[in-house]
Amino acid sequence: MGRYDDIIDLESPTSKVHPPMPRAERAKQFSPFAALKGYDKAIEEKSRYLERRRDIGDWGRTRLDESIVRLGSLVGSGCEIEAKVLVFVPETGLEMGNYEEKKGWVTRVDIEGRTLTVAGERIPLASVDEISFNDPNSADSC
């Protein structure tokens, strides 16, 4: 005779006072326990890849400035120009960040305000590292 033969065929006991716990609530009892609050978020933050901003040098800055001025004159004369812009987005409080590529129609180039509007998003010119667009031979050909 086995050790539990006398109780093996009995029904599970149910309380006459308390209703049975819903399955979802019972399952929560066995879900993972986070002993350190915020630990998962801290690990995720550390695992993100951040990089230092590349130095494009004087020649690269001059070329970029010329492209921005040309783009401004094209947009100002009514040309519809689609551009691809590489923007450095610094992480708050750090010297490091990430590069993001913005694509879309350029609707405004504000040289005085030092901003460029691409696909409805205002981008500070100081954060632009590269810009490329199809430059028509003359503003008349737009």
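**View 1. Aromatic and charge-over-ring contacts in the predicted model.** One aromatic pair is counted, where rings of Phe, Tyr and Trp (its six-membered ring) pair if their centres lie within 6.5 Å, with planes under 30 degrees apart taken as stacked, over 60 as edge-to-face and the rest as tilted. The charged end of arginine 54 is placed over the ring of tyrosine 99, at 3.9 Å from the ring centre; a charge sits over a ring if NZ of Lys or CZ of Arg is within 6 Å of the ring centre and within 35 degrees of the ring normal. This is a predicted model, in which local features need pLDDT of at least 70 and side-chain atom pairs count only at pLDDT 80 or more, while totals for chains, interfaces and linings use all residues. Residues are numbered from 1 along each chain as its sequence is written, and side-chain values use heavy atoms, with hydrogens and water left out.

**View 2. The largest pocket and its lining.** The volume of the largest pocket is about 230 Å³. Among the 13 residues that line the largest pocket, Arg63, Leu64, Asp129, Glu130 and Ile131 are the closest to its centre. On a 1 Å grid over the protein atoms alone, a pocket is an open set of points where a 1.4 Å probe fits, with protein on both sides within 12 Å along at least five of seven lines, and lining residues have an atom within 4 Å of a point; grid points are joined across faces, edges and corners, and the volume is the space filled by probe spheres set on the points. At least two lining residues come from each of helix H3 (57-76), strand S2 (81-90) and strand S6 (128-133), with helices (H or I, at least four residues) and strands (E, at least two) being DSSP runs numbered from the N terminus.

**View 3. The largest nonpolar core.** This core has 19 residues, and those with the most contacts inside it are Leu71, Ile81, Val85, Val106, Leu116, Ile131 and Phe133. H3, S2, strand S3 (96-110), strand S4 (115-118) and S6 each supply at least two residues of the core, and H3 gives the most, with five residues. A nonpolar core is a set of buried Ala, Val, Leu, Ile, Met, Phe, Trp, Tyr and Cys residues joined through side-chain atoms within 4.5 Å, and buried means under 20% relative accessible area, exposed over 50% and partly exposed in between (1.4 Å probe, protein chains only).

**View 4. Two loop residues with positive phi.** Arginine 114, in the loop between S3 and S4, has a positive phi of about 55° although it is not a glycine, and at 44% relative accessibility this arginine counts as partly exposed. Alanine 119, in the loop between S4 and strand S5 (121-124), has a positive phi near 50°, and alanine 119 is exposed, with a relative accessible area of 55%.
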